[in-house]
Amino acid sequence: MPRGEIDEAWIEEAVRRYRRIESLQAEFDAAVATVQVTVRSPDGLVEVVVTAAGTITDVRFLGPLHHRSPRDVANSVQAAVTAAGDAAQWAREKLHNETFTAYRPLAGA
């Protein structure tokens with residue numbers, strides 16, 4: 001193609017791919033907000049449910065608290081919340097890989 005000419009086919013393909021990426025991004029954003037992961041503290045006392053976006057949606061105590069010190073309960077909560085953050089990150093990465101796996105950049109980009 002002579003220099004300075006516009007490759008209409010390439011532009012049409014770029015626009016089509018851009019629209020597809022926008023659609024995939026919308027799917028990803030919706031999934032991140034709705035996919036949930038459940039984790040527990042190492043001692044099994046605390047269970048936390050978190051979305052892939054990192055929003056904690058539920059916290060449950062799975063055992064009696066009256067035999068535990070406040071520090072032990074706090075440590076269990078902290079461990080479960082930390083694990084929830086890691087689980088949310090894992091879920092986002094998994095969703096991203098699943099959503100965008102077929103995407104390939106335009107040739108020459």
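## Hairpin and model basis

Strands β2 and β3 form a hairpin with four residues between them, and Gly-54 in the turn has a positive phi of about 95°. Helices (H or I, at least four residues) and strands (E, at least two) are DSSP runs, numbered from the N terminus.

The model is predicted: local features need pLDDT of at least 70 and side-chain atom pairs count only at pLDDT 80 or more, while totals for chains, interfaces and linings use all residues. Residues are numbered from 1 along each chain as its sequence is written, and side-chain values use heavy atoms, with hydrogens and water left out.

Five bridges join β1 to β2 in the antiparallel sense, and Thr-38 stands opposite Val-49 in β2. Likewise, β2 and β3 pair antiparallel over five bridges, with Val-46 opposite Phe-61 in β3.

## Helix packing

The axes of α1 and α2 come within 10 Å and cross at roughly 150°. Axes are lines fitted to C-alpha atoms, for helices over the stretch in contact, and angles run from 0 to 180 degrees between N-to-C directions. The two helices, α1 and α2, are therefore roughly antiparallel to each other (angles over 145 degrees). α1 passes α2 in a right-handed crossing, in which the near helix is turned clockwise from the far one by less than a right angle.

The contact (heavy atoms within 4.5 Å) involves Ile-21, Leu-24, Gln-25, Phe-28, Ala-31 and Val-32 of α1 and Arg-92, Leu-95, His-96, Thr-99 and Phe-100 of α2.

## Nonpolar core

The largest nonpolar core has 19 residues, and those with the most contacts inside it are Val-37, Val-39, Val-48 and Leu-95. Such a core is a set of buried Ala, Val, Leu, Ile, Met, Phe, Trp, Tyr and Cys residues joined through side-chain atoms within 4.5 Å, where buried means under 20% relative accessible area (1.4 Å probe, protein chains only). At least two residues of this core come from each of α1 (8-34), β1 (36-40), β2 (46-51) and α2 (70-100). α2 gives the most, with eight residues.

Not counting residues up to four places away in sequence, Val-37 touches Val-48, Val-49, Val-50, Ala-87 and Ala-91.

Notes: Buried means under 20% relative accessible area, exposed over 50%, partly exposed in between (1.4 Å probe, protein chains only). Two strands pair if DSSP finds at least two bridges between them. Angles under 35 degrees count as roughly parallel, over 145 as roughly antiparallel, 65 to 115 as roughly perpendicular and the rest as oblique.
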